[in-house]
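The following exercises concern a single protein chain. Please examine the sequence and the structure before turning to the worked solutions.

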Amino acid sequence: MTALNRVPSLMARAGTASALTIAAVGGSIVIPGVAADASAATIATRALQVAASKKGSPYSWGATGPNRFDCSGLTLYSFKKAGKKLPRTAAQQYNRTRHISAGSRKAGDLVFFHSGSSVYHVGIYAGKGRIWHAPKTGDVVKLQKIWTRSVWYGRVS
């Protein structure tokens, strides 16, 4: 029996139990105003999984998958598979995201590399200072440590 199938019986037995109690035993709760963030987290997690599944796929400028990618092609493809449409280029994707601080970043957020005010590269944050990305010609999709402090973060919503 899945956790989702147990929710009605848990709630029936819970009576006046708090939402925290239900959540602690594996139930699901809907909190007004939080659904959008929960949905975004699911999309971001799925996009991250899709990007990771493309490990080793060759870089090809202008490619959007399913077997070859450039940097923004990988993010576009990953989020599309997760159910969210993104524009084509890294700069356009940056303009479409909710900009967040480095301290607020979470796995599945986009990491935008910039020089001055120009965005030139994008990857998907994997946690622990690492991203999944399609680096450059002659390389492949891979997990790599962020190598510069010249990055901005964006959350797809």
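**Exercise 1.** Determine how the side chains of Asp70 and Arg88 meet, and describe the surroundings of this pair.

*Solution.* Step one: the model is a predicted one, and in it the side chains of Asp70 and Arg88 form a salt bridge, with 2.9 Å from N to O.

Step two: the two partners are located. Asp70 belongs to the loop between helix 3 (35-53) and helix 4 (71-82), while Arg88 belongs to the loop between helix 4 and helix 5 (90-96). The pair links distant parts of the chain, 18 residues apart.

Step three: the accessibility of each partner is classified. Buried means under 20% relative accessible area, and partly exposed lies between that value and 50%. Asp70 has a relative accessible area of 7% and is therefore buried. Arg88, at 27%, is partly exposed.

Step four: a further residue of the loop between helix 4 and helix 5 is Thr89. Its relative accessible area is 34%, so Thr89 is partly exposed.

**Exercise 2.** How many salt bridges does the count give, and which residues form a bridge with Arg155 and with Asp139?

*Solution.* Step one: the count comes to three salt bridges.

Step two: Arg155 pairs with Asp109 at 2.8 Å from N to O. Arg155 lies in strand 6 (residues 151-155), and Asp109 in the loop between strand 1 (98-100) and strand 2 (110-115), so this pair ties together parts 46 residues apart in sequence. With a relative accessibility of 14%, Arg155 counts as buried; Asp109, at 2%, likewise counts as buried.

Step three: Asp139 forms a salt bridge with Lys142, and their closest N and O atoms are 3.1 Å apart. Asp139 is buried at 17% relative accessible area, whereas Lys142 is partly exposed at 27%.

**Exercise 3.** Classify the aromatic pair of Tyr94 and Phe112, and state which residues form one cluster with them.

*Solution.* Step one: the structure holds five aromatic pairs. One of them joins Tyr94 and Phe112, with 5.1 Å from centre to centre and 75° between the planes. Planes over 60 degrees apart count as edge-to-face, so the pair of Tyr94 and Phe112 is edge-to-face.

Step two: Tyr94 lies in helix 5 and Phe112 in strand 2, so the pair ties together parts that are 18 residues apart in sequence. Both Tyr94 and Phe112 are buried.

**Exercise 4.** Describe the protein chain as a whole: which pattern do its helices and strands follow along the sequence, and what share of its residues is buried?

*Solution.* Step one: the chain has five helices and six strands. Along the sequence they follow the pattern α-α-α-α-α-β-β-β-β-β-β.

Step two: of the 157 residues, 39% count as buried. The accessible surface of the chain comes to about 9,000 Å², and carbon and sulfur atoms account for 55% of this surface.

Step three: among contacts between residues at least 6 apart in sequence, 49% join residues at least 24 apart.

Terms used. Residues are numbered from 1 along each chain as its sequence is written. This is a predicted model: local features need pLDDT of at least 70, side-chain atom pairs count only at pLDDT 80 or more; totals for chains, interfaces and linings use all residues. Side-chain values use heavy atoms; hydrogens and water are left out. A salt bridge is a side-chain nitrogen of Lys or Arg within 4 Å of a carboxyl oxygen of Asp or Glu. Helices (H or I, at least four residues) and strands (E, at least two) are DSSP runs, numbered from the N terminus. Buried means under 20% relative accessible area, exposed over 50%, partly exposed in between (1.4 Å probe, protein chains only). Rings of Phe, Tyr and Trp (its six-membered ring) pair if their centres lie within 6.5 Å; planes under 30 degrees apart count as stacked, over 60 as edge-to-face and the rest as tilted. Contact means heavy atoms within 4.5 Å. Accessible areas come from the Shrake-Rupley method with a 1.4 Å probe; for residues, only the protein chains shown count as cover.
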